[in-house]
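Colleague: I have a model open and would like to learn how to read it. Could you take me through some of its features?

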Amino acid sequence: LTPIRDDDGAVENVMLLMDDITERVRLGEEVRRAERHLASVVESANDLIVSLDAAGAVMTWNSAAERVLWFTPREVVRRQFVDLVSEADRPHLQVLLTELAREGKVQEIETRMWAKGGQELLISWRFSAMREEGGRVVALVGVGRDLTEKRHLELQLIQSAKMAALG
């Protein structure tokens, strides 16, 4: 509302300006619906899904990561991801993440990670870069799969084959 005054300064009329925001509100609802859908997809995945900022700090941590490693998102968000892997794997992972942030090429690595309860797990990670419209890498996304049980079974199979060869 804008008052329109006469020569003496008294309000003679009032001008009302209106802007139809129906379309803006509808688009905002669509964006929120799409965001909720994507968040639901990430949360329902069986694979570990984490997002890191370009410096390697954890930004998001899905429920599969929590289920496998026993760390809640609150415990890992803002922590450096490399701090969650075994000391022996940290240098290689740090180089990989730095390369990914610089070059944006998909990177794969197997790392040993310590679950909150102290159990060492072997996780296969595939990292990719998230880019802004200008092409600059703004975040990193990691999708992981727990290989611990698979490797354990492979070792048992190899041991059985050795025993059979001896017998």
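Modeller: Start with a term: helices (H or I, at least four residues) and strands (E, at least two) are DSSP runs, numbered from the N terminus. Note also that this is a predicted model.

Colleague: Take the helix labels, then. Where do Glu30 and Arg26 lie?

Modeller: Both are in helix α1, four residues apart, which is about one turn of the helix. Glu30 forms a salt bridge with Arg26, with 2.0 Å between the closest N and O atoms. The cut-off for calling a salt bridge is a side-chain nitrogen of Lys or Arg within 4 Å of a carboxyl oxygen of Asp or Glu.

Colleague: How many salt bridges does a search of the whole structure find?

Modeller: The search finds 10. One of them pairs Glu108 with Arg126, at 2.1 Å from N to O. This pair links distant parts of the chain, since Glu108 is in strand β5 and Arg126 in strand β6, 18 residues apart. Glu108 is exposed because its relative accessible area is 54%, while Arg126 is partly exposed at 45%. Some salt bridges share partners, and in this way Glu23, Arg26 and Glu30 are joined into one network.

Colleague: And which residue does Arg112 meet in a salt bridge?

Modeller: Arg112 meets Asp89, with 3.0 Å from N to O. Arg112 is in strand β5 and Asp89 in the loop between α3 and α4, so the pair ties together parts that are 23 residues apart in sequence. Arg112 is partly exposed, with a relative accessible area of 32%. Asp89 has a value of 13% and therefore counts as buried.

Colleague: Which residues does Ser86 touch?

Modeller: Leaving out residues up to four places away in sequence, Ser86 touches Arg112, Met113, Trp114 and Glu120. Ser86 lies in the loop between α3 (73-76) and α4 (90-103). With a relative accessible area of 6%, Ser86 is buried.

Colleague: Now the sheet. In what order do the strands stand?

Modeller: Two strands count as paired if DSSP finds at least two bridges between them. Here an open sheet of five strands has the order β4-β3-β7-β6-β5, and the pairing is antiparallel. β4 (58-61) and β5 (107-114) stand at the edges with a single partner strand each, so one side of each has no neighbour in the sheet. On average, neighbouring strands are turned by 30° against each other, with direction ignored.

Colleague: How many bridges join β5 to β6?

Modeller: Eight bridges join β5 to β6 (residues 120-131), and the two run antiparallel. For a position to look at, Thr111 stands opposite Ile123 in β6. Helix α5 (residues 148-166) packs on the sheet and touches β5, β6 and β7 (137-146). The direction of α5 makes about 135° with that of β6.

Colleague: Turning to the surface, which residues form a nonpolar patch?

Modeller: The patch consists of Leu1, Val11, Val14, Leu16 and Met18, with about 590 Å² of accessible area together. Met18 lies in the loop between β2 (11-15) and α1 (22-44). Met18 is exposed, because its relative accessible area is 73%.

Colleague: Last, a distance across the model. What separates the C-alpha atoms of Val31 and Leu84?

Modeller: The two C-alpha atoms are separated by 33 Å, and the residues are 53 apart along the chain. Val31 lies in helix α1. At 45% relative accessibility, Val31 counts as partly exposed.

Methods
Residues numbered from 1 in each chain as written. Predicted model: local features only at pLDDT ≥ 70, side-chain atom pairs only at ≥ 80, totals over all residues. Heavy atoms only, no water. Axes fitted to C-alpha atoms, helices over the stretch in contact; angles between N-to-C directions. Contact = heavy atoms within 4.5 Å. Patch = residues over 30% accessible without salt bridge, like charges linked within 9 Å, V, L, I, M, F, W, Y side chains within 5 Å. Areas by Shrake-Rupley, 256 points an atom, 1.4 Å probe, with all protein chains shown as cover. Buried < 20%, exposed > 50% of the residue type's maximum accessible area, 1.4 Å probe, protein only.
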